[in-house]
Amino acid sequence: MEKAEKDRLLEELMIAYGDELLRLAFAYVREKELAKGLVQNTFVKCYENLEAFRYEAQIRTWLYRIAINECKDYLKSWHYRKVQVKDILLHYRFTTSSVEQKVMKNANDQELREMVFSLPPKYREVISLYYFHSLKIGEIAEVTRLHVNTVKTRLRRAKQQLKSKLEEGENDGQKKG
């Protein structure tokens with residue numbers, strides 16, 4: 001493949017899938033700038049390996065696989081674990097927030113997002129890919145390299161956990177009211 005053709009194809013892929021991959025990476029790392037860097041790494045790896053892509057799968061699922069691996073590698077890294085401890089300590093030190101900040105938050109979306117992020121990673125991953133990225137169960141299985149039945153089970157369990165969390169929130173709201 002010629003350099004000009006590779007450059008053109010990469011540009012098309014970045015336009016077509018850049019936002020999707022950014023949302024996917026953000027679902028893993030929960031930090032916008034870091035997610036952008038991981039997506040950039042994804043496209044670098046894509047560019048370097050375009051000749052190796054055999055079109056046995058859709059290019060979208062191949063990109064998702066690269067992005068997921070980038071995110072998982074980062075989450076396993078020493079740097080991430082060190083930053084996490086520091087962030088947790090800072091969070092407990094500065095837990096007060098202004099009334100203005102609380103009012104500005106969109107409560108329902110924020111609560112749902114927090115509930116999804118509070119799920120264990122294996123459940124958060126399938127929920128995110130299914131609902132936020134509109135992948136079919138078969139595509140999720142391909143991207144995550146899991147069996148279809150495992151994806152179905154994780155999706156069902158994730159939904160059950162979210163339902164429980166929603167019901168707990170409603171019960172807490174009724175107790176306060």
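Which residue lies over the face of Tyr-47? Lys-6 does, at 4.4 Å from the ring centre; here a charge sits over a ring if NZ of Lys or CZ of Arg is within 6 Å of the ring centre and within 35 degrees of the ring normal. The legends below start with the whole chain and then move to the close-ups.

This is a predicted model, in which local features need pLDDT of at least 70 and side-chain atom pairs count only at pLDDT 80 or more, while totals for chains, interfaces and linings use all residues. Residues are numbered from 1 along each chain as its sequence is written, and side-chain values use heavy atoms, with hydrogens and water left out.

**View 1. The overall fold has nine helices and zero strands.**
From the N terminus on, the elements run α-α-α-α-α-α-α-α-α. Helices (H or I, at least four residues) and strands (E, at least two) are DSSP runs, numbered from the N terminus. Of the 177 residues in the protein, 32% are buried; buried means under 20% relative accessible area, exposed over 50%, and partly exposed in between (1.4 Å probe, protein chains only). Among contacts between residues at least 6 apart in sequence, 68% join residues at least 24 apart, where contact means heavy atoms within 4.5 Å.

**View 2. Helix α3 is mostly covered.**
In this helix, 13 of the 18 residues are buried. Helix α3 takes in residues 59-76, and at 1.5 Å a residue these 18 residues should span 26 Å. The expected span of a helix is 1.5 Å times one less than its number of residues. The end C-alpha atoms of α3 are 26 Å apart, which agrees.

**View 3. The largest nonpolar core has 40 residues.**
A nonpolar core is a set of buried Ala, Val, Leu, Ile, Met, Phe, Trp, Tyr and Cys residues joined through side-chain atoms within 4.5 Å. Those with the most contacts inside this core are Leu-13, Leu-21, Leu-24, Cys-46 and Leu-129. Two or more residues come from each of α1 (3-29), α2 (32-48), α3, α6 (107-118), α7 (121-132), α8 (137-144) and α9 (148-176). For a closer look, take Leu-21: leaving aside neighbours within four places in sequence, Leu-21 is in contact with Val-39, Thr-42, Phe-43, Leu-63, Tyr-64 and Ala-67.

**View 4. Glu-20 is a buried residue of helix α1.**
Its relative accessibility is 17%, so Glu-20 counts as buried. Which residues does Glu-20 touch, not counting those up to four places away in sequence? They are Arg-60, Tyr-64 and His-133.

Side chains of opposite charge can pair when their charged atoms come close. A salt bridge is a side-chain nitrogen of Lys or Arg within 4 Å of a carboxyl oxygen of Asp or Glu, and by this rule the count comes to seven. Asp-7 is partly exposed at 31% relative accessibility, whereas Lys-3 is exposed at 56%.

Arg-8, at 43%, is partly exposed, and Glu-12, at 41%, is partly exposed.

**View 5. In helix α2, Lys-36 forms a salt bridge with Glu-33.**
The closest N and O atoms of this pair are 3.5 Å apart. Lys-36 and Glu-33 are three residues apart, so about one helical turn separates them. An α-helix has 3.6 residues a turn, so residues three or four places apart point the same way. Lys-36 is partly exposed at 37%, while Glu-33 is exposed at 55%.

**View 6. Aromatic pairs come to three in the count.**
Rings of Phe, Tyr and Trp (its six-membered ring) pair if their centres lie within 6.5 Å; planes under 30 degrees apart count as stacked, over 60 as edge-to-face and the rest as tilted. The rings of Phe-26 and Phe-117 have centres 6.2 Å apart and planes at 70 degrees, so this pair is edge-to-face. It links distant parts of the chain, with Phe-26 in α1 and Phe-117 in α6, 91 residues apart. Phe-26 is partly exposed at 29%, but Phe-117 is buried at 17%. Tyr-130 and Tyr-131 form an edge-to-face pair, 4.8 Å centre to centre with 90 degrees between the planes. Tyr-130 is partly exposed at 29%, and Tyr-131 is partly exposed at 43%.
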